[in-house]
Amino acid sequence: MDELGEQVIVYVVSDSVGETAELVVKAAASQFGNGKMDIRRIPYVEDEATLEEVVKLAKETKAMIAFTLVIPERREYLMNRAGAEGIEVVDILGPVLEPMVKLTGVDSQNEPGLVYKLDEDYFRKVEAIEFAVKYDDGRDPRGILRADIVLIGVSRTSKTPLSQYLAHKRLKVANVPLVPELDPPEELFKIAPEKCIGLRISPEKLNDIRTERLRSLGLKQEANYASMERIKTELDYSEKVMERIGCTVVDVSHKAVEETANLISNMIVKSKQN
């Protein structure tokens, strides 16, 4: 089959974003070689006047029209007008909707953008998870200013798993380790105190966790990392930082990650309501 000669314009029309129609058209256009189709999306079409403009443009440029319009009257109008002007037109959504109505015996809701409303929650979750990974363990202090929640605490207070668990609740979380030898990021003192959550833990519990961590890594359990003296120094320092910020402090000594995450998310919800 010969490749397409001149570039062909395809107007993609939708009463929503138009991404679905554009993806279908791009998939078809890929069969004709790169650059053979000029795809122009026209989203959020809400009236017949706009459809009339599209028909006029398509006629002038000898283009075709592909569309996803869920309002039956608009679909019919565009099909009739394009047909009257001899314009190639493709209804991407209609042929799928009509058999579904027959099979289910239920009329479609005819509401533009429903698929995106359904997916919006999923995309928020993905975005929050990616955020938690990017701004984990104080990697980039710029995330502190963009986060919904900032977790602070010494090493092994479950900051990372908490960040991921809260991300599944669609919350953007950054976490920052508090180490006596390092000054905390200045961004911590620029955010509202209610966005910051300090994680407190008892010296004995932290000693158990760190000792087990060293054991799992095959390291000597007598290392300074797990010594009570070092732990108390770190905890004293973290308390001073939390007090300086004025943030809420949650004791995680005897709480599961899920319990702490639910507690924190409920606190955030309440703070937004006040």
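## Lining of the second largest pocket

Helix H7 gives the lining of the second largest pocket its largest share, which amounts to three residues. In this predicted model, H7, spanning 159-167, is joined by strand S6, spanning 173-177, in that each of these two elements supplies at least two residues of that lining.

The space in the second largest pocket comes to about 190 Å³. Its lining is made up of 14 residues, and those closest to the centre of the pocket are Ser155, Arg156, Thr157, Lys159 and Thr160. Sorted by class, the lining of the second largest pocket comprises five nonpolar residues, five polar residues and four charged residues.

No disulfides are present, the count for the structure being zero. Cys196 takes part in no disulfide, and the cysteine sulfur nearest to that of Cys196 belongs to Cys247, at a distance of 4.1 Å. The relation holds in the other direction as well, since Cys247 is likewise in no disulfide and has the sulfur of Cys196 as its nearest cysteine sulfur, 4.1 Å away.

## Burial of the two cysteines

Cys196 has a relative accessibility of 0% and therefore counts as buried. Cys247 is also buried, with a relative accessible area of 11%, a value that falls under the 20% limit used for that class.

Notes
Residues are numbered from 1 along each chain as its sequence is written. This is a predicted model: local features need pLDDT of at least 70, side-chain atom pairs count only at pLDDT 80 or more; totals for chains, interfaces and linings use all residues. Side-chain values use heavy atoms; hydrogens and water are left out. A disulfide is a pair of cysteine sulfur atoms within 2.5 Å. Buried means under 20% relative accessible area, exposed over 50%, partly exposed in between (1.4 Å probe, protein chains only). On a 1 Å grid over the protein atoms alone, a cavity is a set of points where a 1.4 Å probe fits but cannot get out, and a pocket is an open set with protein on both sides within 12 Å along at least five of seven lines; lining residues have an atom within 4 Å of a point. Grid points are joined across faces, edges and corners, and a volume is the space filled by probe spheres set on the points. Helices (H or I, at least four residues) and strands (E, at least two) are DSSP runs, numbered from the N terminus. Ala, Val, Leu, Ile, Met, Phe, Trp, Tyr, Cys and Pro count as nonpolar, Asp, Glu, Lys and Arg as charged, and the others, Gly among them, as polar.
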